[in-house]
Amino acid sequence: MINARWAGLAAGAGVALVVGGATLIGPPSSIVDDHPEVREPVVRSSLVCPYVDGEEAGSAELGVLALPGVDVAENAEGAEQQPITVRALALPPDPENPEATGDPAAEAATEPLVSIADRGVPSITPVETAAGTSYAVTGQGALAPGLAAEQSLILQEVDLRGISTATCTAPRREHWFVGASAEVGRRGRLVLSNPTDVPAVVDVELWDEAGVIDAPGTQDIGVPARSQRILLLDALAAGSATTAVHVQSSQGRITAALEVRETEEITPQGMTYVPAAVAPRRNLWIPGVPGSGQRSLRLVAPGDTDAIVSMQILGADGAYSPVDQDVITVTAGTVTDIPLDSGVDPAGIRLQSDEPITGSIRVVQATEGGLPDLAYTSASEPLTGPTPALLSRAASGIASTLLISSAVTTTARVTVQTLAADGTVAEEQPLEIPAGATVPVALTPAGDVPNATVVVVPEAPGSVVAARQISATDDDGALLDLMPLISPTIEVDVPEVVGELPDVPEPADTP
């Protein structure tokens, strides 16, 4: 027989105990009720900006901001606050030139590209590298909560042109991308980056319009610590018109990004990043659909059952169902490409499905007689708190616009703050977003600078989704970029530490 005193100790300590075939699981409900998880400021943030620069004719920038006005953790007594640092990760292996491959330890030991000591002050740094390089952005202590970063590349050459921006993201265990093509003239680079000090191992799954792609070399891919790996989508899925990519880590955590470049023979047709989409689910929001250009909705249903999907356009005057596209069927295990007519006004998309799906929207913008550019926007999470857009170019004929869509059935309220170079709020614009509607907000820099730095502050978490559009027309044709906004991590759930175990009952006297 089990001594009652040991049974009490096991239950009080949260140990699973089997008695007569029944399992007792601790801690007791009284402990859970009295000591729930608490929200605490994050104490370390790590982001990766994928594959910055590497183009002789390009103009590349990297922006970093620790959001102002957020709660921060107190540093330990006597501890020195370390600055935010931006450091290059080691270059990926180059099979044609092994000597050019970077050494992770050597890269980590180099001086940072930039160090940032102050919270709330935007930092924008030009980047010039001989090869595309991922950068790790790290904040600790009081500079960790609300850490955000973004990269941009502008090319306006006859053989390679376009605007490409990307949010720098935190390492995690899985990533989804939908929409890139591996047909002739369309090239995708899947960038796997490991900013941590331990190696990572990942698997890559792929789908296209015909089903699952059985591609060699996609399992147990090693990504060394403080390093990056590049996989070519056109080698993994040659000839596929539309693909979906799922990157899952079996060891460690990584970031992933998918860059695409398209040409027609030697004529450039655009370049961009495909933003990461949320993991497959039954309810999706896709923000930032322009009111012009050739638009197509690309969805993947990775399960074993066809997905029946209803679609609503979140337009200027509210939500409506498009004619002949209100219900869509996505065949199980495939990627579906649907031409989309969302009207002449900027919009968002809401999708409701009976099976898990995820997706993106591809936009090709062209001018009469000029070259096109392409961009993607993807299924995104609603904003959970203050969310910045750092590199919103608004100079030299380039315009930036926020596209904010309602994610609730009532009016949503947000405030768009424009920051000056010293981090002060130069302008505040309160907005009401009617239920099911999308509201565009033109961005203007504060002062004589080319970029507008803005922070979108929703009144209620989860009430809106948002994206930024950058667009222009030059002598050669169109320029277009779309970037869904991602809320930075400010707080995390932390279990409350119980100082002592509850009283353990004394064993009952036995006759």
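This is a predicted model: local features need pLDDT of at least 70, side-chain atom pairs count only at pLDDT 80 or more; totals for chains, interfaces and linings use all residues.
Visitor: How many bridges join strand β5 to strand β10?

Guide: Strand β5 covers residues 59-66 and strand β10 covers residues 147-156. One of the residues involved is Gly63, whose bridge partner in β10 is Glu150.

Visitor: Where does Glu265, with its positive phi, lie?

Guide: Most residues other than glycine have a negative phi. Glu265 is not a glycine, yet its phi is positive, at about 60°. Its place in the chain is the loop between β19 (255-264) and β20 (267-274).

Visitor: Is Glu265 buried or exposed?

Guide: A residue counts as exposed when its relative accessible area is over 50%. The relative accessibility of Glu265 is 76%, so this residue is classed as exposed.

Visitor: Is Asp324 buried or exposed?

Guide: Asp324 has a positive phi near 65°, although this residue is other than glycine. It is placed in the loop between β24 (318-320) and β25 (327-330). Its relative accessibility is 72%, and therefore Asp324 counts as exposed.

Visitor: How are the rings of Trp176 and Trp207 arranged?

Guide: A pair of aromatic rings is described by the distance of the centres and the angle of the planes. Ring centres must lie within 6.5 Å to form a pair, and planes under 30 degrees apart count as stacked. The count comes to one aromatic pair. The centres of the Trp176 and Trp207 rings are 5.5 Å apart and their planes are at 20°, so the arrangement is stacked.

Visitor: How many residues apart in sequence are the parts that this pair ties together?

Guide: Trp176 belongs to strand β12 (residues 174-178), while Trp207 belongs to strand β14 (residues 200-208). The pair therefore ties together parts whose separation in sequence is 31 residues.

Visitor: Are Trp176 and Trp207 buried or exposed?

Guide: Buried means under 20% relative accessible area. Trp176 has a relative accessible area of 6% and is therefore buried. Trp207, at 5% relative accessibility, likewise counts as buried.

Technical notes:
Residues are numbered from 1 along each chain as its sequence is written. Side-chain values use heavy atoms; hydrogens and water are left out. Two strands pair if DSSP finds at least two bridges between them. Helices (H or I, at least four residues) and strands (E, at least two) are DSSP runs, numbered from the N terminus. Buried means under 20% relative accessible area, exposed over 50%, partly exposed in between (1.4 Å probe, protein chains only). Rings of Phe, Tyr and Trp (its six-membered ring) pair if their centres lie within 6.5 Å; planes under 30 degrees apart count as stacked, over 60 as edge-to-face and the rest as tilted.
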